[in-house]
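Dear colleague,

Please find the structure below, together with its sequence. My notes on what was found follow directly after it.

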Amino acid sequence: MKRGTILGAAGGLVAGVSLATLALAAPSWSMGPATSTAASIAAPLAGQLAAPVAAQQARWGTVANLADLVEHVSPSVVKVDVRSSAPQQKQSRQFGGGNGDNPLEGTPFERFFGPDGLGGQGGQQGEQRDQRGSGSGFVIQGGYVVTNNHVVDNAKKLTVEFADGRQVNATLVGTDEKTDLAVIKIDSGSLPQALHWGDSTKARPGDNVFAVGAPFGLGNTVTSGIVSARGRSLNGQYDDYIQVDAAINMGNSGGPLFDQAGNVIGINSAIISPSGANAGIGFSIPSDLAQNVVAQLIAHGSVERGWLGVEITEMTPEMASALNVNAKGLLVNSVTDNSPALKAGVKDQDVIVGYGNRDINHMTDLTRAVADTKAGTTQDLRIIRGGRAQTLKVRIEALKADAKVASNDTDDAASPTSATGQVALAELGLSLASNDEGIFVTNVKINSPAEDAFIQKGDKIIMVNSVEVKSTDAVRKAVEEAKKQKRSAVMLQIESNGRKRFVGVPFSEG
């Protein structure tokens, strides 16, 4: 189990593992799914829910017969108890001429230090107690249980506890760190029914939902609320969270989020909270993202994803103005060597607007579409280049563990020492200078458009408005040309720390 992750200045953490009193670890990110036949749960519920749900359509804020529905699905929600090895502790420095195991050895205070001293973990020869914690999960078809990767990470023993108190051992089937999913297997002669996988694409802000899990290591606990928002990202490459206001706390990770028909539409995963407890902002991984991952984990123990090989940035109004295009989409910052994108003819500054039969407006639209594409499959990639729409044929390859997405292994940009050709671009808030290595930013004015675009001193300028520049004079001419064309912003290609990116920098109003 990994240590927790803090979210933003306000604080926050995953709704992860609930740890025992002596455990030192904290939770990390998560997600999770489930699979089963619709008949296993839909049929028993059909008669029960048809009339109440119809009546519910005329009311807001409550779910008809929620208690009956909870009673039906709760036996399939389990607590996942985890035992893992304690993290290795660094050897203490020597003190008082000892061997380094006890920094107070040789002093009157040596008995207060070590495994049997104050604050020690006990055991022989400094052995640390195993960590113990718990998360949530739910039963799917075939005796499998879905939970989070961070719940079972580094586990040496897994135990599943059912709602009726029965406990059975479990074995790890597979994990996927990128989505923080994990599948474990239980062998028992009497298993609760598998839960029905719902359609998360139909979940709308305002829809009633309820969650079941084991917060803080407690038994099954039910909370309810509504969908607060869709498409939330917490900086993960495949993030597409459902935000809910149902109470989610530590230990809820891996537990299901249900719609008002008792279908699993998400896996409760993370929270944002100043205190670490529920603050009404919880996140659940949508079922449409999780199903394919879970199926691959069960079949292969790992996940294969498609690879395109581009580094991209979401288009901004400033970028669109600088490129003189009227389109949403993703701007290509750079193309990885020997990648499917390069072989298909993708170039820097192309705007990707479609992939297969999908429109591409946001980062996750493309990353998820490509990831879900089987290696060897050819797809249409719709782009805008130089103001003209084109369609390229791209043959997707398998993403390798060490694959880098349009990154560059070169060293950081050289510092503009012995600089010449210095120029100030007051309308952007930039000062530039050049040397044998290229053109570099020497100063960024506070509160300027350049600072708002996150340009920093030492960044290297490569292109201005699709034109590669070799001198500061060329930069000045390109900026002046953009002003003559009545554009409200200029497009710069920046290289920093060996990576390239495009930024749209608006002209100051002053």
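**Surface and overall make-up**

The accessible surface of the protein comes to about 24,400 Å², and 48% of this belongs to carbon and sulfur atoms; the areas come from the Shrake-Rupley method with a 1.4 Å probe, and for residues only the protein chains shown count as cover. Please keep in mind that this is a predicted model, in which local features need pLDDT of at least 70 and side-chain atom pairs count only at pLDDT 80 or more, while totals for chains, interfaces and linings use all residues. Residues are numbered from 1 along each chain as its sequence is written, and side-chain values use heavy atoms, with hydrogens and water left out.

The protein has nine helices and 29 strands, taken as DSSP runs (H or I of at least four residues for helices, E of at least two for strands) and numbered from the N terminus. Of its 510 residues, 49% are buried, where buried means under 20% relative accessible area, exposed means over 50%, and partly exposed lies in between (1.4 Å probe, protein chains only). Among contacts with a separation of 6 or more, 62% are made by residues 24 or more positions apart, a contact being heavy atoms within 4.5 Å.

**The cavity**

The structure holds one cavity of 30 Å³ or more, and the volume of the largest cavity is about 80 Å³. On a 1 Å grid over the protein atoms alone, a cavity is a set of points where a 1.4 Å probe fits but cannot get out, and lining residues have an atom within 4 Å of a point; grid points are joined across faces, edges and corners, and the volume is the space filled by probe spheres set on the points.

The lining of the largest cavity is formed by T179, Y238, L289, N292, V293, Q296, V303, E304, R305, R368, A371 and D372. By class, five lining residues are nonpolar, three polar and four charged, where Ala, Val, Leu, Ile, Met, Phe, Trp, Tyr, Cys and Pro count as nonpolar, Asp, Glu, Lys and Arg as charged, and the others, Gly among them, as polar.

**Salt bridges**

If a salt bridge is a side-chain nitrogen of Lys or Arg within 4 Å of a carboxyl oxygen of Asp or Glu, the count comes to 21. In one of them, E397 and K343 meet at 2.9 Å, N to O. This pair links distant parts of the chain, with E397 in strand β22 (residues 397-398) and K343 in helix α6 (residues 340-344), 54 residues apart; E397 is partly exposed at 23%, whereas K343 is exposed at 56%.

A further salt bridge joins D459 to R501, with the closest N and O atoms 3.9 Å apart. Because D459 lies in the loop between α8 (449-452) and β26 (460-464) and R501 in strand β29 (residues 499-506), the pair ties together parts that are 42 residues apart in sequence. Here D459 is buried, at 4% relative accessibility, while R501 is partly exposed at 23%. Salt bridges that share partners also join E427, R476, E480 and K483 into one network.

**A buried serine**

S76 sits in the loop between α2 (66-73) and β3 (77-84) and is buried, with a relative accessible area of 1%. Not counting residues up to four places away in sequence, S76 touches G137, F138, V139, P192, Q193 and L195.

With best regards

Notes: 1 Å grid on protein atoms, 1.4 Å probe; cavity = no way out; pocket = protein on both sides within 12 Å on 5 of 7 lines; lining within 4 Å.
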